[in-house]
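Hi,

Here is the structure I said I would pass on to you. Have a look at it first, and then read my notes below.

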Amino acid sequence: MDLDEKWPARWTTTWKFGHSPVAIPVRGLDQVSIGRSVPVRRFTWRTDQFHRPGLEYLMATDRHHGFESYEEECLLLVSDFAAGLVEALSQPFRLRFFAEGKAITHTPDFLLVTDSGVFLIDVRPAGQIKAEDALKFAAAAEAALSAGWRYGVVVGWRQHVLTNVDALSAERRPLPDVLGIQAQLQEAAAQAPLPYRELVERCCLPAIGRAHAIHLLWNRHLGVDLSVPFGNASLIRLAPQQRHRRLER
């Protein structure tokens, strides 16, 4: 990559605000009104394409976000589960950089704004990263660093991670609690950590308690170790108050 002293001015990013593209030097990335931007390129659907695009609804933003593959959809779902997500932008901008005197373009997959900072993310399975991809990812990392953002390439997931998050996402939407089951679950968990099966059996309707326990886990009112597969034997505990998400009823 051509990283002379003037590269932050020579490298540019193209954003879209409404229908108008706007070119912004990399040195000005920290001044961009991220919330006003829209994807820099359109998402297309065709019957003969090999990748699988679509729209994923996120609770954190209360709207749908575009993705171009199953791997990107998984990234959105995990981001929604991770605490502190504020905004998620798909295809946020087109980066134009220079390497060996040649201009090269790259469009990162996502820009995630969180309570702990801004993350620029590319998604590519480990076995599909070519030399030209690695160059583009390295350029994106330099651009992110200049803006004070973090950068990463998601190359895959441990299988139980996706299984766990997918299971919890089934009850992420607002869940009416006219029977007060959530309070029963929280009271039981406050006494001592309990296996999932035993916890739901402590409430008046265990079958309904299962759904409410999953809802409380997604919203951080209950906690569980997700470094291993989730199941009936998983120990459920009461989560710290400061990590709670607001429950909608």
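Let me start with a pair of helices: α5 (residues 181–191) and α7 (residues 206–218) have axes that come within 9 Å and cross at roughly 70°. Since anything from 65 to 115 degrees counts as roughly perpendicular, α5 is roughly perpendicular to α7. On the α5 side, the contact is made by Ile181, Gln182, Leu185 and Gln186, and α7 brings in Ile208, Gly209, His212, Ala213, His215 and Leu216. Sorted by class, the residues in this contact of α5 with α7 come out as five nonpolar, five polar and no charged. Before I go further, please keep in mind that this is a predicted model.

Helix α7 has another packing partner. Helix α4 (residues 159–169) packs with α7 at an angle of about 115°, and their axes are 8 Å apart. That again makes for a roughly perpendicular pair, α4 with α7. Here α4 uses Val165, Ala167, Leu168 and Ser169, while α7 uses Ile214, Leu217 and Trp218. The class count for α4 with α7 is six nonpolar, one polar and no charged residues.

You will find Asp80 in helix α2 (residues 70–81). Is Asp80 buried or exposed? Its relative accessible area is 2%, and the cut-off for buried is under 20%, so Asp80 is buried. The side chain of Asp80 reaches the backbone nitrogen of Ala60 at 2.9 Å.

Now the strands. Strand β1 (residues 12–17) and strand β2 (residues 20–25) run antiparallel and are joined by six bridges. One of the paired residues is Phe17, whose bridge partner in β2 is Ser20. Two residues sit between the strands of this hairpin, and Gly18 takes a positive phi near 75° there. Strand β1 also pairs with strand β6 (residues 94–99), again antiparallel, through three bridges. In that pairing, Thr14 has Arg94 of β6 as its bridge partner.

Arg94 turns up again among the contacts of His106, a residue of strand β7 (residues 102–106). Which side chain does His106 join in a polar contact? That would be Asp122, at 3.0 Å. Apart from neighbours within four places in sequence, His106 also touches Phe93, Leu95, Phe97, Lys136, Phe137 and Ala140, among others. If you want a sense of distance, His106 and Gly84 are 22 residues apart in sequence and 27 Å apart in space, C-alpha to C-alpha.

Gly84 is in turn one of the contacts of Thr114, which belongs to strand β8 (residues 110–114). Thr114 has a relative accessible area of 18%, and as buried means under 20%, Thr114 counts as buried. Its side chain makes a polar contact of 3.1 Å with the side chain of Ser116. The Thr114 side chain also reaches the backbone oxygen of Gly117, at 2.8 Å. Leaving out neighbours within four places in sequence, the contacts of Thr114 are Gly84, Leu85, Val86 and Phe119.

Finally, two loop residues to look at. Asp62 is not a glycine, but has a positive phi of about 60°. It is found in the loop between β3 (54–58) and β4 (63–67). Gln91, in the loop between β5 (85–90) and β6, has a positive phi too, near 45°, and is likewise a residue other than glycine. Where do these two stand on burial? Asp62 has a relative accessible area of 55%, and the cut-off for exposed is over 50%, so Asp62 is exposed. Gln91, at 0% relative accessibility, counts as buried.

Cheers

Terms used:
Residues numbered from 1 in each chain as written. Predicted model: local features only at pLDDT ≥ 70, side-chain atom pairs only at ≥ 80, totals over all residues. Heavy atoms only, no water. Pairing = 2+ DSSP bridges. Helix = DSSP H or I, 4+ residues; strand = E, 2+ residues; numbered from the N terminus. Contact = heavy atoms within 4.5 Å. Polar contact = N/O pair within 3.5 Å; in protein donor to acceptor, adjacent residues only side chain to side chain. Buried < 20%, exposed > 50% of the residue type's maximum accessible area, 1.4 Å probe, protein only. Axes fitted to C-alpha atoms, helices over the stretch in contact; angles between N-to-C directions. Parallel < 35°, antiparallel > 145°, perpendicular 65-115°, else oblique. Nonpolar A, V, L, I, M, F, W, Y, C, P; charged D, E, K, R; others polar.
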